[in-house]
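Work through the exercises below on side-chain contacts. Each task is followed by a solution in steps.

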Amino acid sequence: MSSSLITIHDLNRMSVESTITAVNPLRTPPPTPDNVSATTRTFGILVQWSRVEGCDGYIVLVSDDQDFESPIDQIRVVGESSLSYTYNTGNVAVTRYFAVSAYSGDMASAKTAVVSAVSTS
């Protein structure tokens with residue numbers, strides 16, 4: 001935000017000084033990441049996505065159902081250039097569903113389409 005000192009003159013030749021502070025324009029959330037994928041890993045699943053310019057990072061949403069009726073985790077991945085996260089399942093043959101949002105400050109994009117994979121040994 002910036003401030004400016006202005007002087008206002010009225011018809012009686014009196015002047016008043018006042019400080020005006022500019023208000024930030026309406027902010028919008030960052031765009032939704034593209035190209036989300038989930039790849040099988042040993043005892044885990046690698047989730048990857050494309051970079052969103054100007055964001056602070058990404059939120060990886062994890063669920064054990066494709067409708068996200070019972071999300072089990074939400075991981076914050078800090079940094080615009082951090083483009084992957086490996087989710088550790090701890091077991092084999094575990095299916096997990098993922099969606100990703102970009103965030104900037106306290107605002108987040110819409111989540112991506114849901115992707116899934118099954119962990120292996």
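A salt bridge is a side-chain nitrogen of Lys or Arg within 4 Å of a carboxyl oxygen of Asp or Glu. The model used here is predicted.

**Exercise 1.** Find the salt-bridge partner of E53, and state which residues form a network of salt bridges.

Solution. 
1. The closest N and O atoms of E53 and R51 are 3.8 Å apart, so the pair passes the cut-off of 4 Å and forms a salt bridge.
2. R51 also forms a salt bridge with E80, with the closest N and O atoms 2.7 Å apart. E80 is in the loop between β6 and β7, and R51 is in the loop between β4 and β5, 29 residues apart.
3. R51, E53 and E80 are therefore linked in a network of salt bridges.
4. E53 is exposed at 63% relative accessibility, R51 is partly exposed at 45%, and E80 is buried at 18%.

**Exercise 2.** Classify the ring pair of Y87 and F98.

Solution. 
1. The ring centres of Y87 and F98 are 5.8 Å apart and the planes stand at 70°, so the pair is edge-to-face.
2. Y87 is buried, with a relative accessible area of 10%, and F98 is buried at 0%.

Methods. Residues numbered from 1 in each chain as written. Predicted model: local features only at pLDDT ≥ 70, side-chain atom pairs only at ≥ 80, totals over all residues. Heavy atoms only, no water. Phe/Tyr/Trp six-rings, centres within 6.5 Å; stacked < 30°, edge-to-face > 60°. Buried < 20%, exposed > 50% of the residue type's maximum accessible area, 1.4 Å probe, protein only. Helix = DSSP H or I, 4+ residues; strand = E, 2+ residues; numbered from the N terminus.
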